[in-house]
Amino acid sequence: RFPEFNLVALGGEFKAHVKPKFLSPGITYTVNLVFKLINRNGNSNGPMYLVLDYKLKGETKYSTAYLAHEREDRWMTVELYQFTSHERDFDLEILFDGTQIHLDALVVEGIEFRPSERVASEVEEVDIQPISDLDTDWERKLPEDHEEIIKWFGDSIEWTTKKELYFLFCKGFVINDDKERFFLAKNGKKCLFLTARAHLNRRERRFESILNLRFGEVALYRFGSYIHIHGEIDFQILSPGTTYACNLVYKITRDVDKIEEPVEVRNWNLPFPDSDGIYYRYIYLLSPQLPVIRPNVDENSHNPSISQMPKIKGLPRLRNDGWMEVEIWEFETSVGVD
């Protein structure tokens with residue numbers, strides 16, 4: 001786009017002074033730094049971990065950008081601020097501290113003002129087609145191997161019609177010596193919920209019994225603990241030819257301000273990168289927030305809003321049951337499962 005770039009030697013501060021013009025009034029924009037890093041290695045197809053501190057001129061408190069995303073043009077971008085434009089022009093001077101970036105240099109293309117994208121509501125489509133009470137109609141909504149699944153439970157479930165059986169499947173059953181819970185998603189795919197006691201590492205955690213939970217207890221971890229998830233899944237239980245998301249289900253009880261940065265997730269069963277060329281990925285346990293530039297530039301900018309960063313798979317969301325969940329990995333079952 002431009003014939004020249006700025007090569008910033010890291011290990012100290014640098015600044016950008018811009019006077020945005022011709023922005024549409026009343027539109028909410030994100031302010032983004034567009035750059036490349038010299039000697040970047042590793043997770044080239046995923047978000048890059050970046051600890052870049054920055055602040056507006058005159059402020060004492062720094063904000064921190066943790067993840068940068070690669071665009072289609074191969075440049076990296078990281079969100080800095082959010083603001084709503086007004087008719088008048090204004091000066092914007094941003095101070096950057098790159099002392100925590102352990103690379104040779106930063107190639108800065110410029111500062112980009114991009115209209116914020118509206119986040120669509122993730123409402124799962126539900127089949128509201130009327131259905132009769134005939135067993136043959138409800139049987140079509142059940143998995144093809146539902147008769148084999150029933151054998152897992154023996155005499156532990158009771159049903160008289162296929163309609164009752166379908167809703168029992170949607171509610172779910174505890175299986176495998178109370179280590180897993182089997183249930184159907186709204187799209188008819190088979191799902192598993194794994195217990196914390198059976199599949200989380202035994203170090204640096206303790207269990208606590210809580211009423212009205214699926215399995216009656218939860219695992220408690222201190223901030224900074226290493227969490228190791230280990231277990232084997234019988235793919236015959238799952239739907240063939242289906243891409244599954246592995247979600248961590250959790251709640252945060254204290255020290256919220258200490259976990260704003262992303263967490264690295266690795267799959268130690270993968271000696272090579274996955275189908276997307278990724279050795280590891282990053283997740284957020286809390287949704288990242290952006291400082292907001294107030295209408296008057298000299299006003300404090302630290303009134304955060306939800307980040308509009310590219311919708312990576314590692315962003316958390318609130319479940320209907322009041323717990324949080326975040327996707328930590330995904331895998332695909334074979335079409336023909338032995």
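The questions and answers below concern a predicted model.

Reader: How many disulfides does the structure hold?
Author: A disulfide needs two cysteine sulfur atoms within 2.5 Å. For C191, the closest cysteine sulfur is that of C170, at 9.8 Å, which is too far for a bond. The number of disulfides in the predicted structure is 0.

Reader: Is C191 buried or exposed?
Author: The cut-off for buried is under 20% relative accessible area. C191 has 15% relative accessibility, so this cysteine counts as buried.

Reader: Which residues form a nonpolar patch on the surface together with I233?
Author: I233 sits in the loop between β13 (217-221) and β14 (243-250). This isoleucine has a relative accessible area of 31%, so it is partly exposed. The patch has about 200 Å² of accessible area together, and the residues that form it with I233 are L194 and F235.

Reader: What is the bridge partner of L318 in β20?
Author: Strands of a sheet pair through backbone hydrogen bonds. β19 and β20 (residues 324-332) run antiparallel and are joined by 2 bridges. In β20, L318 has as its bridge partner M324.

Reader: How is the aromatic pair of Y54 and Y81 classed?
Author: A pair of aromatic rings is described by the distance of the centres and the angle of the planes. There are 13 aromatic pairs by count. In the pair of Y54 and Y81, the centres are 5.3 Å apart and the planes stand at 85°. Planes over 60 degrees apart give the class, so this pair is edge-to-face.

Reader: How many residues apart are Y54 and Y81?
Author: Y54 belongs to strand β4 (residues 48-56), and Y81 belongs to strand β6 (residues 76-84). Both Y54 and Y81 are buried. The pair links distant parts of the chain, 27 residues apart.

Reader: Which helices does the aromatic pair of W138 and F167 tie together?
Author: The pair of W138 and F167 is tilted, at 5.5 Å centre to centre and 50° between the planes. W138 is buried, with 5% relative accessible area, whereas F167 is partly exposed at 45%. The two residues are 29 apart in sequence, and the helices that hold them are α1 (residues 135-139) and α3 (residues 162-171).

Reader: What is the phi of F22?
Author: Most residues other than glycine have a negative phi. F22 is found in the loop between β2 (13-18) and β3 (28-37), and F22 is exposed, with 83% relative accessible area. Its phi is positive, near 65°.

Reader: Where is R74 placed?
Author: R74 is not a glycine, yet its phi is positive, about 75°. The place of R74 is the loop between β5 (63-70) and β6.

Definitions and conventions: Residues numbered from 1 in each chain as written. Predicted model: local features only at pLDDT ≥ 70, side-chain atom pairs only at ≥ 80, totals over all residues. Heavy atoms only, no water. Buried < 20%, exposed > 50% of the residue type's maximum accessible area, 1.4 Å probe, protein only. Patch = residues over 30% accessible without salt bridge, like charges linked within 9 Å, V, L, I, M, F, W, Y side chains within 5 Å. Areas by Shrake-Rupley, 256 points an atom, 1.4 Å probe, with all protein chains shown as cover. Salt bridge = Lys/Arg side-chain N within 4 Å of Asp/Glu carboxyl O. Helix = DSSP H or I, 4+ residues; strand = E, 2+ residues; numbered from the N terminus. Pairing = 2+ DSSP bridges. Phe/Tyr/Trp six-rings, centres within 6.5 Å; stacked < 30°, edge-to-face > 60°.
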